[in-house]
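Me: I have a new structure open. Can we walk through it together?

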Amino acid sequence: MECKEALPMMHEYLDGDLEGANAARLKEHLLVCPDCKKRFRELETTEAMIMASPDVKAPPYLKDRIMLALPPVKSNRTFGQWFRRHPAVSVAAVFVLVMMGSFMSLWNEDTELLVKGNNLDQVVIKGDTVYVPPGHTVSGNLTVQSGKLQVDGDINGNLVVIDGSVNLASTAHISGQVTKIDEAFEWMWFKVSEFFTQLSD
């Protein structure tokens, strides 16, 4: 043990806070180091004198002078340290940011008409408009992206319209849910849900 380690341990020992292996190390050091032994005796004497005279009081300004003389406390909690302590959360946060960035770029790039469904022979596509004519039935889900949808017939499933418009005639019948996605965040949520649905199938 070095002398610079021994001094704080002396204070802890005199306060009754030093126990076990550290107390044994301090005693061993005091046996071989005359300077530390002398300093320890002085600290013991000073403490004994203070305990013996309870009437001795420190001046009222002493505490303020001591506090001003102390160096400022540095904050140990930095952003980087938090990420080092929580690597799994850090990786998840970076993954979410990258995924959101790629989804946003895909949202902005997807301007081409896209039609997905099981039996698309029941739909008619003219320009950027998809028609389900009267008397025609689409069995299963139908998804239309970046286009207009006019439904006059039947859809036996769910209908999803992404970044487009839908017009349902009074003769139209849709047995499932109608979902209209106009914002990038809704589209991102839809894609994530679709991905996990495909995984479970």
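**A first look**

Reply: The protein chain has an accessible surface of about 14,500 Å², and carbon and sulfur atoms hold 58% of that. Accessible areas come from the Shrake-Rupley method with a 1.4 Å probe; for residues, only the protein chains shown count as cover. This is a predicted model: local features need pLDDT of at least 70, side-chain atom pairs count only at pLDDT 80 or more, and totals for chains, interfaces and linings use all residues. Residues are numbered from 1 along each chain as its sequence is written, and side-chain values use heavy atoms, with hydrogens and water left out.

Me: How many helices and strands does the protein chain have?
Reply: There are 7 helices and 11 strands. Both are DSSP runs, numbered from the N terminus: helices are H or I with at least four residues, strands are E with at least two.

Me: What share of the residues is buried?
Reply: Of the 201 residues in the protein chain, 24% are buried. Buried means under 20% relative accessible area, exposed means over 50%, and partly exposed is in between (1.4 Å probe, protein chains only).

Me: And what share of the contacts joins residues 24 or more positions apart?
Reply: Such pairs make up 28% of the contacts with a separation of 6 or more. A contact means heavy atoms within 4.5 Å.

Me: New topic. How many salt bridges are there?
Reply: The count is 2. The rule asks for a side-chain nitrogen of Lys or Arg within 4 Å of a carboxyl oxygen of Asp or Glu. Side chains of opposite charge can pair when their charged atoms come close.

Me: Which residue does Arg25 meet?
Reply: Arg25 pairs with Glu5, at 3.4 Å from N to O. Arg25 sits in helix H2 (residues 20-32) and Glu5 in helix H1, so the bridge ties together parts 20 residues apart in sequence. Arg25 is partly exposed at 35% relative accessibility. Glu5 is also partly exposed, at 35%.

Me: And which residue does Glu2 meet?
Reply: Glu2 forms a salt bridge with Lys4, at 3.8 Å from N to O. Glu2 is partly exposed at 47%, while Lys4 is exposed at 67%.

Me: Which residues gather in the patch of negative charge?
Reply: Glu12, Asp15, Asp17 and Glu19 do, on the surface. Patch residues have over 30% relative accessible area and no salt bridge; like charges are joined within 9 Å, nonpolar side chains (Val, Leu, Ile, Met, Phe, Trp, Tyr) within 5 Å. Lys and Arg count as positive, Asp and Glu as negative; His and the chain ends are not counted. A charge is placed at NZ of Lys, CZ of Arg, CG of Asp or CD of Glu. Asp15 lies in helix H1 (residues 3-15) and is exposed at 54%.

Me: Which residues form the nonpolar patch?
Reply: Tyr61, Leu62, Ile66, Met67 and Leu70, with about 490 Å² of accessible area together. Leu70 is in the loop between helix H4 (62-69) and helix H5 (79-85). Leu70 is partly exposed at 47%.

Me: Now backbone angles. What is the phi of Ser146?
Reply: Positive, at about 60 degrees, although Ser146 is not a glycine. Ser146 is in the loop between strand E5 (142-145) and strand E6 (148-151). Is Ser146 buried or exposed? Buried, at 13%.

Me: What about the phi of Asp163?
Reply: Asp163 has a positive phi of about 50 degrees, and is not a glycine. Asp163 sits in the loop between strand E8 (159-162) and E9, partly exposed at 35%.
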